[in-house]
Structures are given as C-alpha cells and as structure tokens.
Amino acid sequence: MAQLSDDCFAFGGPMMSVDEAVGIITSRVAAVKERETVALGEADGRVLACDVAAPLPLPPFTNSAVDGYAVQSRDLPQAKERAFPVTGRVAAGASAKAAQPGQAVRIFTGAPMPDGTDTVFMQEDVRIDEAGHVVLPAGLKPGANVRPAGEDVPQGRVALKAGQRLRPQDVALAAAFGLTQIEVVRRLRVAVFSTGDELASPGAPRAAAQLFDSNRFMLMAMLKRLGCEVSDLGILRDERAPLANALKQVAARHDLILTTGGVSTGEEDHVKAGVESAGTLVLWRMAIKPGRPVAMGIIGGTPFIGLPGNPVASFVTFVHVVRPTVLALSGAIATPLDPMPVRSAFSYRKKSGRREYVRVNLRKAPDGALEAVKFPREGAGLLSSLVDTNGLVELGETVTGVEPGETVGFLGYASLL
Ligand code: AMP
Ligand code: MG
C-alpha cells in the first residue's frame, strides 16, 4: 500500500490550473511497491515493473525478406543479365547448406540465408532458361531483400521500459524474445462510491425524485481501462457519520478511494465533512470547465478523490485528476495528453484564466481536413453529450474565443484511457 502523507495534496492558491494539479500529483504521489509476475497472455494493459533488454537479436538470424534466389554480392550481374545454376533450396524453418561462388539458391521468405550468400533476387524479377538455370538481371544492390540478424532489435538493447503500460505490440515483442511471463506492478485497488440521496442504483426501486446512478458505472469502467481492480461500493447517503465510517473502513484495503457528487460548497454537500472527519481534505478549486471543485484527501494514508456529480464534470475531472493519480500510484510513465490539431467548425466564447473542454465530433471537410463540430448543447449534466460525441476540444487558459476555421486541439475519448 502506498502510504501518502496527510499534506500530500496541500495547495495554497485560490484557483488551481490543470497543469498545477497534474504537477502536484506527479511529484507527490508515490507508486505502490508490490509487483507480480503474469503470463504474457495476461500482460496487456499492465504496467511493466522493470526494463526488458533483448536476450537475443531480432530477427535472431539473417534471413530472406522475399521468395526468390540467393546469391553472393560479388557475383551480381553488373551490365547485363547472367544465368546461374540453382544448387539448393531452403524454405522457412529449414537450415541452409552453404553456397559456392557462381551458384544461386532457391529461397523463401523467412528462410535463413545460406552461408556464402548475402543478396536475394525476387522471384518476380527472374526467369528460368532452357537449361534450368535462373537468369538474374543486372542492377540489384548488394544486400538487397535480406533482413540482417538484429536489424529489428539488437541483442542487449532495452526494448521495453519500466513504467510502460503494455500494449498488444509490446506483449508481442516480449513473446519474440521467447519470454513466457513478465513482471508487472500489481493492479491498483480502487474503491468507488457514488454519493447523494437523489440516487438509486439501477435495479433498485427509484423514487419519483431520484435518478439512477450513472457516474459510478462510468468511473468504474474508466478505472478498469486504466488497469485497476475496482470495488463497487454503491451509494453513500448524504449523512456525515456513516459516510465517514464507510470511507475509513475501505481505506485500509484500497490504494485509492473515489467518490462522485457532494463536493461543491453548498450545505447539502456532505462528502467534504465526511472526509474531514475521517482524514484530511483540501478542496481544489480548479480552473477547468466542466469541472471544479475536486476534493482531494488522505484517509489513513490512502488518497481520496471526490469528483463533482455532474456527469460531464465527473468525466473531465477524472481525466485530469484521477488518471494522473492512477498512473502515479501504479508507477506508470506519465503520458501527457497531447491534443491533435484539427480545424474548428464552431464559434465559441470563453473566459480567460480557465481551461475549457468542448464536446465535439470530428468530420472530414470537403477539402479533406478534419473539422471539429461542436455538440449543440453545453450542460455539464448532459450524459448524451458524451455519448453522441467522439472527443473533446481543449481550449487553453489564455484563449478567449474560437471562430470557424481556426486550429484547435482535439482529444479523442479513446486516447484518454
Ligand atoms: P453534486 O455534485 O452532488 O452537487 O451533483 C451535481 C449533479 O449531478 C446533481 O444534479 C446530481 O443529481 C448529479 N449526480 C450526482 N451524482 C450522480 C451520479 N452518481 N450519477 C448521475 N448523476 C449524478
Ligand atoms: Mg449532491
């Protein structure tokens, strides 16, 4: 368990920028120490615990990149084509006999280059004459169509780095090294609660003034995509003492506690009071829309994050506060979210001094450029605005407006998790 100090999330200023928030998290949140070994088939999405150096070169032996005929480069026809006797045949997976000068060897893709050869003619570029010799054209470069041992990855190179979140291609590289298992950071255990008397769990009866709790399912799914093991702890009612007790109880068994709702500054916002009596709490008044505020706390050494209740605010603050916290706790290399430049198809006014996220769909304009089309409505409570769009346009703190045709930064939802 990563034990964080009670003042871990302390912050003095009146408003906090997104970059300040991410900076505090990345510099102060320590990673859990425990590691485990997993089979390659289970490694996708996990955080690599230590560097992996290539135990063998890739490819492991020099081989042909095409189906054709292998010869020695000293024999390459210079001015005009020349016929060679075909003295051998080597298929992929077979071992090759050495070839002599003046000879050609029939060879197939992936087959080892016979000793004495270093260049391969593609079968499409040659013909067989009446004597059964292969006629090779002039002009081929020495070494053509050959994949030298180690050209992909030389032996000993650090090919996968500690802190990397393994993707399918990373797992493939480990397999190419002949590894059967890999050491990863253990999964983070995250407790998730929704809070609020207005919420009913899907499947439970819903009173007239209640809505079904949707945020909890969104947050749990986002956490799972970040590789976490999630405890679904249901809904906490708006009552300080039971709330505080529930939080204290789960703290010991989890690496992170996440709640949604009840953290604004109104008298009906009970999470703040609950966390304050269970541990320490600081409200981050974040310069972000949709968003702010976000409650950050420490309960028995375990970090606590209280996200806003409005679904879109909850989503956006998850990306900027929970995501970096999860990455830091799991020892993952902090990957910045780099918006992709696209053309705005909308006009928009905003206040300077805060960062805003606009829900958009990308479309291809007649000139081929990608254009961001704004979702027509802006409310932070509109879950459909997240469902019916494919990403967010990020408008920085200094921006005061956007006009159609201007370049804006786009973050696709798929890139956020
Ligand atoms: P709060 O942050 O508690 O003031 O809630 C802001 C708005 O978000 C209110 O309209 C809540 O009903 C709504 N809300 C809070 N929690 C959830 C949830 N878990 N799922 C869906 N909506 C929620
Ligand atoms: Mg509430």
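Me: In which sense do strand 9 and strand 10 pair?
Reply: This is a predicted model. Strand 10 covers residues 134–136, and in it Val 135 is the bridge partner of Arg 127. Over 2 bridges, the pairing of strand 9 with strand 10 is antiparallel.

Me: Which strands stand at the edges of the open sheet?
Reply: The sheet is open and has 3 strands in the order 5-10-9, paired antiparallel.

Me: Is His 270 buried or exposed?
Reply: His 270 belongs to helix 5, residues 270–278. Beyond its neighbours within four places in sequence, His 270 has contacts with Asp 238, Glu 239, Leu 243 and Gly 262. Its relative accessibility is 17%, and the cut-off is under 20%, so His 270 counts as buried.

Me: How much of the area that ligand 1 exposes when taken alone does the protein bury?
Reply: A nitrogen atom of ligand 1 lies 3.2 Å from a polar backbone atom of Asn 215, and an oxygen atom of the ligand lies 2.8 Å from a polar backbone atom of Gly 262. Alone, ligand 1 exposes 480 Å², and the share buried by the protein is 77%.

Me: How many residues of the shell around ligand 1 are charged?
Reply: The surrounding residues include Ser 194, Leu 199, Glu 198 and Asp 213. Glu and Asp count as charged. The shell divides into 2 nonpolar and 8 polar residues, and the number of charged ones is 2.

Conventions
Residues numbered from 1 in each chain as written. Chains lettered and ligands numbered in written order. Predicted model: local features only at pLDDT ≥ 70, side-chain atom pairs only at ≥ 80, totals over all residues. Heavy atoms only, no water. Helix = DSSP H or I, 4+ residues; strand = E, 2+ residues; numbered from the N terminus. Buried < 20%, exposed > 50% of the residue type's maximum accessible area, 1.4 Å probe, protein only. Contact = heavy atoms within 4.5 Å. Pairing = 2+ DSSP bridges. Near = heavy atom within 4 Å. Polar contact = N/O pair within 3.5 Å; in protein donor to acceptor, adjacent residues only side chain to side chain. Areas by Shrake-Rupley, 256 points an atom, 1.4 Å probe, with all protein chains shown as cover.
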